[in-house]
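Visitor: I am new to this structure and would like to know what the words used for it rest on. Please show it to me, and then I will ask.

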Amino acid sequence: MNKHICIHGHFYQPPRENPWLEDIEFQDAAYPYHDWNEKITDECYEPNATSRILGEDGWIKRIVDNYSKINFNFGPTLLSWMEANRPEVYRAIIESDGKSSSNFSGHGSAMAQAYNHMIMPLANSRDKETQVIWGIRDFEYRFGRKPEGMWLPETAVDLETLDIMVRHGIKFTVLAPYQASRFRKKGEVLWRDTGSGIDTTRPYSVQTGKAGGIINVFFYDGGVSAAVAFEKLLSNGDRFAQRLLAAFDQSREGPLLVNIATDGETFGHHHRHGDMALAYAIHYIENNNLAVITNYSQYLKRYPPEYEVEIKENSSWSCAHGVERWRSNCGCNSGLHPGWGQEWRKPLRNALNLLRDLAAPQYEKMAAKYLKDPWEARNDYIEVINRRTPEYLEGWLKKHGLRKLEGEDRVVVLKLLEMQRNSMLMYTSCGWFFDDISGIETIQVLRYAGRVMQLYRELTGQSPEGEFLKNLAEARSSAAGYGSGAEIYEKHVHSAKVNLTKVGAHYAICSLFESFGDHSEIYCYNVAREDHLFRSAGAANLSVGRIVVTSQVTGESQRQFYGVVNFGIHNVLGGIGEYKDDGAYRSLCAELKASFNRADFSDVISVMNKYFSGSTYTLRQLFRDKQRAMLERILNSTLDEITADYRRIYKRHAPLMSYLKELGIPQPKPLQTTAEFVLNVNLRQALASELPDLEQINIILEEVEAARVSLDGAGLGYVLEQTLERLGGKLAARPGDRFLAGQLDTAVGLARSMPFAVDLWKVQNIYYGLIQSTYQDINKKAEGGDSEAKMWVKQFEALGDKLRIRRGG
């Protein structure tokens, strides 16, 4: 068959990690999830590994792996987060590439990506090279093979970048159709302008430079791709399949490729259940033999380019003005804020360019004292980033060091490399993409810049912050109350900076509320406890100690001593200082202990001020996630009291509320608020229990209906999903346990009856996996007359009915 279809998903999220902690902190806007990565993983990345094909009755016929049937790339920084935080989804994606290799004649579907989504035409030559090398090395580390293709961020392209890709073994990339300038058949002399567009059903080759480098290019079908992304084509899988098939020119002979490309998040996050439309379309096309589903690598191998093309340099898929969206007020924006300008983009880029161009020569000059080739060492540093183990660091230092690097020399080298890493991270494209400099994406790139300046100052004793902020002051926000980029930096970046002292202060305050061992880990820092004293007196607690804090990233270390006291509830005061001699530390311990034992808290404060003048901390200085956890812990007793009070009020006045309802009289706001609070709390607690009590929950729901209060559907649904997942995990661990199957059956029935949405996705995945394994074995025993097996099968099939899964699909 000559008809081929390739669907590419560009799966990417901007790096969201705090540059000083190397982890994502709590993001309120992602409620009920911890952060946006977690939310989008549940809505898109995981579903595409276990997507549903439904029968006409709406029941699940099959669960399939979309990744193994499409072409895809994942941003390296996103995969790094996923490897640490959602390892089961990460493994599924890596395994999908292996499955796709079997599907497509030994050609895996995964492509590499330029490392941190930098707009390559706007990068300098060294950064371009490192971005390509890091993208390739990261891919090899994760997928265990060399990449054939590489995705360019925003498909932003220039010949220098393509030439670097060729030199590092990349065979092809994917561009938008309007990024082609002119083309000709190989062997012809005359070029033809693309005019109204280029034929996207064939691959092309591009000469990347005078040295004769050649890279292949696929131009995606712009019309169908836009329909998928913006025209709700994914609302119906059959319509999606028909639109793909309609893109073929029936009058043409020979091999034809209909290929589309869009953000991978389109399949589930931007369009709910978009993954299912994708799964159905592929299944429909393959089952009816209407076209060959392929990936770019397989198609390129079978049908090498017969045409060559010249590209439009400095062009992209998301800016009609080339790459101006990432450096000027070109007019491209989200459209959500009419009247807002993006003049801030230019001074932001100017500020970052200033910083980069100050840091690079300092890096080269200082690193040359320790490393054989500073830039080659930077290109190789991705090996350290991906592993962060002493073994890999030792190997990297041995390979690149001019001599054996130890102690302070090692710290300096690692700080230099981290300065360079953050110098590239600060160019992540999302910092310019949206409408205002006050957006979280821009604040994120400013934080990377803040980390660069902190390291620059520690390494050189000089600070570029003045000149940097002078440029940022020209970047004005259109959002009310934000002012200039310099003001945004001061508010959201300067205050977020972390050093070893802040880490020690965090540890000290936490030591009031939790027990630490001799060795602890706080984000990317190790804390070794050398001495510790803890005292309690009623609601008050005292903690004094000596610790060593060490950065896992740079190896920088500091011995510290601390004293911290909780006077009750949220009233916490602590101090921390660099440990210099045992005498001062012992005196602190003795004085604090004596004052605390006398309950002389004013004297405790005096002792703190004496030893830690100017270095005192409160709960405000805790890192965001722990601050939330600590405040919840401190407030638990208070909230319990408040909840008990509300429950008493509700219980006392529930008959009155019922009577008012019967009379058709609106409920007074205080009573309505009380009922809403109590019933939501009661339902949340009931749904979170080890085994939800159906009768109790139904009583609460009846009260909800009678009181006509609103439920926190998102939060309650999330709680019940966690309970279902926990019960499903138990069944997966002990699949032959009929009692567990019954418990899960009851819980799923409960979920089906809720007046809010409950996602059964993960439980369905567990059940479908058991169909392929345990069910087959026990069903054979049941067919052989085993009575216990018969009862298990009956229970298991009843559960499947509630989950709406066909067992023979």
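Visitor: What makes S7 and strand S11 a pair?

Guide: Two strands pair if DSSP finds at least two bridges between them. S7 and S11 (residues 214-219) are joined by 4 bridges and run parallel. Leu175 stands opposite Phe219 in S11. Strands themselves are DSSP runs (E, at least two residues), helices are runs of H or I with at least four, and both are numbered from the N terminus. This is a predicted model, in which local features need pLDDT of at least 70 and side-chain atom pairs count only at pLDDT 80 or more, while totals for chains, interfaces and linings use all residues. Residues are numbered from 1 along each chain as its sequence is written, and side-chain values use heavy atoms, with hydrogens and water left out.

Visitor: Why are S7 and strand S9 said to stand at the edges?

Guide: The open sheet has 6 strands in the order S7-S11-S10-S14-S8-S9, with mixed pairing. S7 (172-175) and S9 (192-193) each have a single partner strand, so one side of each is left without a neighbour in the sheet.

Visitor: How do you know that strand S16 pairs with strand S17?

Guide: 12 bridges join S16 (residues 525-537) to S17 (residues 540-551), and the two run antiparallel. Asn526 stands opposite Thr550 in S17. They belong to an open sheet with the order S15-S16-S17-S18-S19-S20 and antiparallel pairing.

Visitor: Which residues of H13 and H14 meet?

Guide: Leu393, Glu394, Trp396 and Leu397 in H13 meet Arg410, Val413, Leu414 and Leu417 in H14; contact means heavy atoms within 4.5 Å.

Visitor: Why is His10 called buried?

Guide: Buried means under 20% relative accessible area, exposed over 50%, and partly exposed in between (1.4 Å probe, protein chains only). His10 has 3%, so His10 is buried. This residue lies in strand S1 (residues 3-11). Leaving aside neighbours within four places in sequence, His10 is in contact with several residues, including Asn73, His117 and Trp317.
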